[in-house]
Amino acid sequence: MHADVHHLLHTVQAAELHAGAGAVRLPRAGLRTRVGWALVEVGLRLTAQSRDTAAHRATAFHPA
């Protein structure tokens with residue numbers, strides 16, 4: 001295939017893909033989704049803190 005023809009076909013295909021991509025939009029994350037992920041983050045932080053606290057208690061305990 002001649003280089004000019006290959007370049008022309010590539011340009012046409014790229015223009016078609018670009019035009020088609022404008023028609024497709026991803027849905028915005030709704031409030032419910034954002035609140036859900038915020039709750040997951042809070043839960044992960046709380047479990048990490050409880051593990052750190054439990055580890056601190058275990059090392060602080062010295063039987064007599």
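Me: Why is R45 called exposed in this predicted model?
Reply: R45 has a relative accessible area of 54%. The cut-off for exposed is over 50%, so R45 counts as exposed.

Me: And what makes E41 partly exposed?
Reply: Its relative accessibility comes out at 42%. Buried would need under 20%, exposed over 50%, and partly exposed is what lies in between. E41 therefore goes in that middle class.

Me: How do you know that E41 and R45 form a salt bridge?
Reply: Look at the N to O distance between the two side chains, which is 2.7 Å. The rule asks for a Lys or Arg side-chain nitrogen within 4 Å of an Asp or Glu carboxyl oxygen, so this pair qualifies. As a rule, oppositely charged side chains can pair when their charged atoms come close.

Me: Which residues form the nonpolar patch on the surface with L39?
Reply: L31 and V35 do, and with L39 they have about 310 Å² of accessible area together.

Me: How much of the chain counts as buried?
Reply: 0% of its 64 residues. The chain exposes about 6,400 Å², with 66% of that supplied by carbon and sulfur atoms. As for secondary structure, there are two helices and zero strands.

Methods
Residues are numbered from 1 along each chain as its sequence is written. This is a predicted model: local features need pLDDT of at least 70, side-chain atom pairs count only at pLDDT 80 or more; totals for chains, interfaces and linings use all residues. Side-chain values use heavy atoms; hydrogens and water are left out. Patches are made of residues with over 30% relative accessible area and no salt bridge: like charges are joined within 9 Å, nonpolar side chains (Val, Leu, Ile, Met, Phe, Trp, Tyr) within 5 Å. Accessible areas come from the Shrake-Rupley method with a 1.4 Å probe; for residues, only the protein chains shown count as cover. Buried means under 20% relative accessible area, exposed over 50%, partly exposed in between (1.4 Å probe, protein chains only). Helices (H or I, at least four residues) and strands (E, at least two) are DSSP runs, numbered from the N terminus.
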